[in-house]
Amino acid sequence: MTATSAISFTHDVTERFLRYVVIDTQSDPASPSCPSTAKQKDLGALLARELQALGLADAHLDEHGYVYATIPATTDRPVPVICFCSHMDTSPDCSGADVKPQIIRNYQGGDIVLPADKTLVIRAKDNPALADQIGHDIITTDGTTLLGADNKAGIAEIMDAARFLIANPDIRHGAIKILFTPDEEIGRGVDKVDLKKLGADFAYTMDGETAGHIEDETFSADAAVISITGVAAHPGFAKGKMEHAIKIAAEIVARLPKDAAPETTEGKQGFLHPTGISGALEQATLSLIVRDFTDDGLREKEALLQSIVDDVLASYPHSTASIAISQQYRNMKQVIDQHPHGVDYAVEAIRRTGLTPVRGSIRGGTDGSRLSFMGLPCPNIFAGEHAFHGRTEWVSVQDMEKAAETIVHLAMIWEERST
Ligand SMILES: [Zn+2]
């Protein structure tokens, strides 16, 4: 028995969650502003007000739509400053307006039919995580919108943990920073973050899926844009002259490896994936994303892409094609491995909540991948969100409570281990 396991938790995470998900915060990749949609500030302003009301004097929403706050230390020990981070926006892939959440109490297994659209079913066979939810309370929408558990579950958990820590000043912890970001779903979540103002040494995003999981690895990601210049000629007089840029682009796509595509890979396998094609006779542009868990793997895929382009162009002697590679993000493990205790503490915190910790990797990027390379190591802890970005999204009350407890334990462990 550790002293910490004697904590008796009270929660308001569910009330908070239900309050936050009805605020539409969908982000918009076509908008150049930050935040991309002004409505994200509606939630930001509410959160800043609620943090103020909890007694966090520095809580505020800045002009770019970021919310910052500090839970002051309750210890004299020098403890590194840790930060908990979640994003306020929801995916542009699915409506987040007029979210009508429903709670299924004491779930007893089986499929969940959504009330407003009976054709929409959260199937147990498609959601293996539902098997661990027997007896739990599951929150879904009515089936007309996404739920927004990605990532308002994380926000509600951080708010619940903050309220709990402030109400229990006898729990010893160092200074804790809270950061809520806009526009994560469109890849711009940390564009305007002020890390100097934040002043944290180590951070955790609360944006993972299954209870008990912590992820300290993400894809490394590049973008590739191939610019093709063919040879134009009048179609009636083109024999032996015309080299069609669209056909060159199509040939490149046709030769992409079938066994290194999103639809044929999983786990630690990477891929080459076309995301856009546009063009006419003389000019065409082909956009791709490149994903792998290692830098070497990225370079191999990019070399393969170059050899495909060279090979195709060999049949078009008067055409040219150039590839421009740009970095999107890197596997956070490269940074986090230099601070292994931050992940070890999270594993211990998850264990103290009674869950079995599982370390894993994400086939995608997080705000944490970019924060890590900006100098703030930032693994990702479960928030309990499932089937996100769609109308069958769900989360369980009990998983959100465990995530909030993980935050509290984590704050205590950083203090215990500091001397
Ligand atoms: Zn998310």
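## Zinc site

A residue counts as buried when its relative accessible area is under 20%. By that rule, H87 and D207 are both buried. The model is predicted.

H87 and D207 belong to the site of the zinc ion, where the coordinating atoms are H87 (NE2), D150 (OD), D207 (OD) and D207 (OD), at 1.9 to 2.5 Å. In sequence, the donor residues follow the spacing H-x62-D-x56-D. The angles among the four donor atoms run from 53 to 142 degrees, and the site is irregular. Four donors count as tetrahedral if all angles lie between 85 and 135 degrees.

## Helix α3

Helix α3 covers residues 149–167. Of its 19 residues, 17 are buried, so α3 is mostly covered. At 1.5 Å a residue, α3 should span 27 Å, and its end C-alpha atoms lie 25 Å apart, which agrees.

## Largest pocket

The volume of the largest pocket is about 1,100 Å³. It is lined by 36 residues, and those closest to its centre are E184, R363, G364, G365 and T366.

Several elements each supply at least two residues of this lining: strands β9, β10 (213–218), β13 (283–292), β14 (320–329) and β15 (358–362), and helix α9 (367–373). By residue type, the lining of the largest pocket divides into nine nonpolar, 14 polar and 13 charged residues.

Note on methods:
Residues numbered from 1 in each chain as written. Predicted model: local features only at pLDDT ≥ 70, side-chain atom pairs only at ≥ 80, totals over all residues. Heavy atoms only, no water. Donors = N, O, S within 2.8 Å, 3.2 Å for Na, K, Ca; no water. Tetrahedral: all angles 85-135°; square planar, octahedral: opposite > 155°, others 65-115°. Buried < 20%, exposed > 50% of the residue type's maximum accessible area, 1.4 Å probe, protein only. 1 Å grid on protein atoms, 1.4 Å probe; cavity = no way out; pocket = protein on both sides within 12 Å on 5 of 7 lines; lining within 4 Å. Points joined across faces, edges and corners; volume = space filled by probe spheres on them. Helix = DSSP H or I, 4+ residues; strand = E, 2+ residues; numbered from the N terminus. Nonpolar A, V, L, I, M, F, W, Y, C, P; charged D, E, K, R; others polar. Expected span 1.5 Å × (residues − 1).
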